Amino acid sequence: MALIQSTLIWVVYAVVIALVIAIASIFVYLYQSPRERSATVSIVCIFTLTSLLATLLLLPVDVALVSSTTSSKLGRRKDWATDARVDNIVYTLKIVYYALYSLDAVLCLLVIPFTYFWYEEYDEVAAEEGTQTI
């Protein structure tokens, strides 16, 4: 029962992230200027929005997984929730938290600024003439 419940929580999280990808794609498409669309910038924006929202939406997963180990009627741990199992759940969550926070930091500190300056430096006229430096 415990494996089914925790798997269901992670499956729901994956479905929500898939919906977040769709919503981020629509959001980026709607708010981009039609004349200034770039595939690279769009992909980076969609990926960044998805990553940040996945980090934000991990908190309810954390609460659901930890509360699934206790019985609300009895107020104590369930029989299957041994110290090793709870530590395994917490360890898995810690890995996901560190991975998402690290990804968010890399995106915000390196990828987004690089993409911004790369896009701003691209000159279509110079590219057609062959004088573009990038």
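Leaving aside neighbours within four places in sequence, with which residues is Thr115 in contact? The legends below answer this and describe further close-up views. The structure is a predicted model, in which local features need pLDDT of at least 70 and side-chain atom pairs count only at pLDDT 80 or more, while totals for chains, interfaces and linings use all residues. Residues are numbered from 1 along each chain as its sequence is written, and side-chain values use heavy atoms, with hydrogens and water left out.

View 1. Helices (H or I, at least four residues) are DSSP runs numbered from the N terminus. Apart from neighbours within four places in sequence, Thr115 is in contact (heavy atoms within 4.5 Å) with Thr40, Val41 and Val44. The C-alpha atoms of Thr115 and Val41 are separated by 6.5 Å, although the two residues lie 74 residues apart along the chain. Thr115 has a relative accessibility of 8% and therefore counts as buried (under 20% relative accessible area, with exposed over 50% and partly exposed in between; 1.4 Å probe, protein chains only).

**View 2. Thr55 in helix H2.** With 9% relative accessibility, Thr55 is buried. Its side chain is joined to that of Asp104 by a polar contact of 2.7 Å. A polar contact is a pair of N or O atoms within 3.5 Å; within protein, one must be able to donate a hydrogen and the other to accept it, and residues adjacent in sequence count only if both atoms are side-chain atoms. Not counting residues up to four places away in sequence, Thr55 touches Tyr13, Leu100, Tyr101 and Asp104.

**View 3. Helix H2 (residues 39-56) and helix H3 (residues 58-67).** The axes, which are lines fitted to C-alpha atoms over the stretch in contact, with angles from 0 to 180 degrees between N-to-C directions, come within 4 Å and cross at roughly 30°. H2 is therefore roughly parallel to H3, a description used for angles under 35 degrees. Ala54, Thr55 and Leu56 of H2 make the contact with Leu58, Leu59 and Pro60 of H3.

**View 4. The largest nonpolar core, 11 residues in all.** Such a core is a set of buried Ala, Val, Leu, Ile, Met, Phe, Trp, Tyr and Cys residues joined through side-chain atoms within 4.5 Å. Its members include Ile9, Tyr13, Ala54, Leu58 and Leu100. H1, H3 and H4 each supply at least two residues of this core, and the largest share, 4 residues, comes from H4.

Notes. Parallel < 35°, antiparallel > 145°, perpendicular 65-115°, else oblique.
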